[in-house]
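The sequence and structure are shown first.

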Amino acid sequence: MTSHANLDAYENNYNSFQRGIVMAKFNGTTGTLRFTESTDLSIPVLSILNSEGELRKGARSPVIDKDTALKIYRAMTYIRVLDERMISAQRQGRLSFYLTCAGEEAAVVGSIAGFTDRDMVMAQYREQAALRYRGFTSEQFMNQLLSNDLDLGKGRQMPVHYGSRALNYMTISSPLATQIPQAAGYAYGQKLSGNDACTVCYFGDGAASEGDFHAGLNMAAVLNCPVVFVVRNNGYAISTPSSEQFAGDGIAPRGIGYGIKTIRVDGNDILAVYAAGVAARKLAVDTSAPVMIETMSYRLGAHSTSDDPTSYRNAEEEQLWAEKDPILRMRKWLFGKGWWSDQQDHQLITNYKKEILDALKSQEKRSAPSLNGLITDVYQTPPQHLQQQYAELQQHIDKYPDHYLANPDKTNGTYQSASVQLP
Amino acid sequence: MAQINLLQAVNSALDTAMDTDDRVICLGEDIGKFGGVFRATSDLQDKYGKARCFNTPITEQGIVGFSIGLAAQGSVPVAEIQFADYIFPAFDQIVNEAAKFRYRSGDQFNCGGLTIRAPYGGGISGGLYHSQSPEAYFCHTPGLKVVIPSTAYQAKGLLLAAIRDPDPVIFFEPKAIYRAEVGEVPETDYVLPLGVAEVMTKGSDITLVGWGAQMHQLHRAAKMAAKDGISCEVIDLRTLLPWDVDTVAQSVEKTGRLIISHEAPRTGGFAGEVSATIQECCFLSLEAPILRITGMDTPFPLVFEKEYMPDYLKVYEAIKASVNF
């Protein structure tokens with residue numbers, strides 16, 4: 001409507017808008033020729049805790065009880081321990097691949113804590129902390145990472161592609177941003193069903209460059225979908241710094257551009273993220289409208305175990321952000337509240353290390369999923385041609401049993417021999 | 001001549017292309033200073049500057065659309081899609097735009113300078129989104145050329161030919177053998193013709209046709225069959241669109257038997273096209289049904305990748321079945 005061919009038409013249209021005949025949102029006219037710049041829109045960063053874990057002057061803490069605070073802290077700590085253990089396990093050749101949440105634990109756990117367990121989570125791949133917050137067990141993490149017979153995804157996806165129907169956590173897909181328009185649609189369905197639930201959709205600043213991001217945000221806004229988009233602005237997309245990813249002021253202005261209520265928060269400040277999460281969920285459900293939260297943080301680790309960030313960023317930068325560690329900051333706040341102690345902290349970490357290593361040891365002994373998982377779930381029922389292909393495969397395997405299923409290192413064997421690694 | 005691997009040959013081709021033609025521009029995700037996730041573009045930014053070798057935002061449709069515009073303007077873009085599995089957001093730009101650019105304008109405009117590179121295929125435990133072989137989708141699109149090398153020597157010569165070809169080319173690189181495939185590659189500038197197959201091994205009893213990483217399985221199966229006294233003629237198509245019917249037909253006229261093999265699922269796969277064409281032109285020479293040894297009609301698996309793959313043992317069994325028909 002703004003791409004009118006001539007000014008007369010514009011004036012006529014504008015007069016129509018004024019009379020309320022055509023729906024449009026204009027803020028009036030001006031006689032001054034001036035281009036609006038991206039810097040004209042200034043979006044502040046909500047920050048509640050300072051680096052010492054104290055309330056900033058003038059900042060209002062969200063209402064949060066001790067149980068919730070400790071549940072959040074435990075989930076964040078658990079994921080940090082899990083990530084460290086799994087990186088080692090990958091280096092030992094026990095896993096093919098891993099990808100950490102390090103540095104973004106508060107952004108993920110703080111936001112998910114603002115939602116109910118009924119709300120659907122549609123995440124990217126770096127949000128395992130949300131899954132833990134919902135109750136995913138160490139055994140369940142291991143089952144997926146090791147592709148064993150108990151993996152809920154039946155050993156079909158690379159490590160960290162979790163999913164749980166029971167926990168309302170949609171199975172992860174590797175292609176970036178595909179979940180964003182899907183989240184809008186899922187939320188629209190939730191609204192129609194009237195089940196007082198919404199969808200929370202996570203993605204990174206790099207994924208926000210994909211076409212699906214734009215399609216999803218626009219549809220969510222136009223169709224009034226109760227979906228909360230949580231964009232983790234963590235500075236890097238594999239090796240590409242955000243300065244080469246976008247020229248504007250982060251992702252938040254795009255939300256506003258699509259007509260979505262948007263907030264930007266310090267992603268390493270658990271109280272700021274939690275406050276935004278609670279408020280965003282309420283807004284989304286009460287007003288049936290999308291909301292966007294941009295968490296400003298930093299990917300402390302490599303993109304994945306196949307990546308080496310030393311070739312594209314410096315140690316000083318990493319150190320700067322390591323000092324802003326969200327877990328450390330929350331711990332200081334908990335100490336200040338008298339809700340947590342050093343001793344409890346040591347005990348928690350010790351317990352988690354043991355729990356995770358025990359789970360790794362027990363779950364890696366399990367067998368691979370059943371071979372017929374090759375053809376199940378492609379369709380609800382395997383069609384005739386798949387059944388035939390499977391029968392032919394079985395006959396072939398029978399001729400060469402040592403070559404196929406007898407491989408003792410079934411789940412990991414092929415990774416070790418691969419001459420290239422995945423990013 | 002230097003012994004280099006397939007990945008280094010790709011890098012050498014890009015280096016040669018950029019060195020010999022200022023209009024050549026490399027773009028894609030993480031391809032700048034980092035040199036790409038597989039390092040195919042290593043050192044190119046240092047050598048030719050950020051304006052000619054740069055990172056893009058993560059948007060495949062953007063990368064291809066942008067490259068079409070560049071090509072239409074007269075540049076020679078070489079766009080990298082990080083994985084062939086991620087080419088689909090660009091499907092519209094490739095199928096509706098790049099492939100029809102010249103035709104719809106009555107040859108007033110074209111984007112012939114465009115080359116799209118993408119690593120494809122399984123064998124690295126990548127599961128369903130880091131293993132696919134999507135060549136058949138693009139072979140169904142008039143206006144495109146589709147090229148897949150299987151050796152380091154081919155990779156350099158074919159990529160240079162693709163970059164200099166007057167039509168848009170999709171160049172799929174067999175990532176499973178990026179480093180394992182090593183051979184002599186001239187440091188000098190050379191091209192191999194597009195649309196021409198290569199007879200890799202001469203034989204008389206049966207013809208084996210494939211491309212890319214699958215050639216290794218065919219060679220291995222042919223060696224096994226040789227011990228049984230079966231002589232296999234092994235043909236690498238190298239270009240799938242347009243493909244070299246004459247070379248395959250001449251071979252089948254001689255052997256009377258044909259097996260085509262690819263990693264992609266069977267139904268709608270390119271083996272079907274080869275099979276149909278050869279039975280049309282060689283019907284009276286055929287001694288046995290043409291066989292396809294392919295991936296199954298399922299998404300690409302993870303734990304059962306080895307079972308899914310159309311490996312040399314499956315090809316070997318098919319050779320015996322064909323010969324004993």
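Which residues have the most contacts inside the largest nonpolar core? The model is a predicted one, and in it they are V109(A), C201(A), V227(A) and V228(A), within a core of 219 residues. Helix α2(A) gives the largest share of this core, 11 residues. In soluble globular proteins, nonpolar side chains tend to be buried together. With neighbours within four places in sequence left aside, V109(A) is in contact with I72(A), A75(A), M76(A), A129(A), A130(A) and Y133(A).

**Sheet**

Chain A has an open sheet of six strands, ordered β1-β7-β8-β4-β3-β2, with parallel pairing. Its edge strands are β1 (45-46) and β2 (120-122) of chain A, and each of these pairs on one side only. Strands β3 (residues 199-204) and β4 (residues 227-233) of chain A run parallel and are joined by six bridges. Opposite G204(A) stands R232(A), a residue of β4(A).

| Helix | Strands involved | Angle |
|---|---|---|
| α6(A), residues 179-193 | lies across β2, β3 and β4 of chain A | about 175° to β3(A) |
| α9(A), residues 270-287 | touches β1, β4, β7 (261-266) and β8 (291-296) of chain A | about 170° with β8(A) |

**Helix α5**

Why is helix α5 (residues 138-146) of chain A described as largely enclosed by the rest of the structure? Eight of its nine residues are buried, so the rest of the structure largely encloses this helix. The buried residues of α5(A) are S138(A), Q140(A), F141(A), M142(A), N143(A), Q144(A), L145(A) and L146(A). Their cover includes α2 (66-91) and α12 (342-363) of chain A. Just after α5(A), S147(A) takes a positive phi of about 50°.

**Contact between the chains**

The contact takes 48 residues from chain A and 40 residues from chain B. On the side of chain A that touches chain B, α13 (384-399) and α14 (413-417) of chain A each supply at least two residues. The largest share of that side, six residues, comes from α13(A). By type, the residues of the side of chain A that touches chain B divide into 24 nonpolar, 20 polar and four charged.

Note on methods. Residues numbered from 1 in each chain as written. Chains lettered and ligands numbered in written order. Predicted model: local features only at pLDDT ≥ 70, side-chain atom pairs only at ≥ 80, totals over all residues. Buried ≥ 20, exposed ≤ 12 C-beta atoms within 10 Å, placed from the backbone. Helix = DSSP H or I, 4+ residues; strand = E, 2+ residues; numbered from the N terminus. Contact = placed C-beta atoms within 7 Å. Core = buried A, V, L, I, M, F, W, Y, C linked by C-beta atoms within 7 Å. Nonpolar A, V, L, I, M, F, W, Y, C, P; charged D, E, K, R; others polar. Pairing = 2+ DSSP bridges. Axes fitted to C-alpha atoms, helices over the stretch in contact; angles between N-to-C directions.
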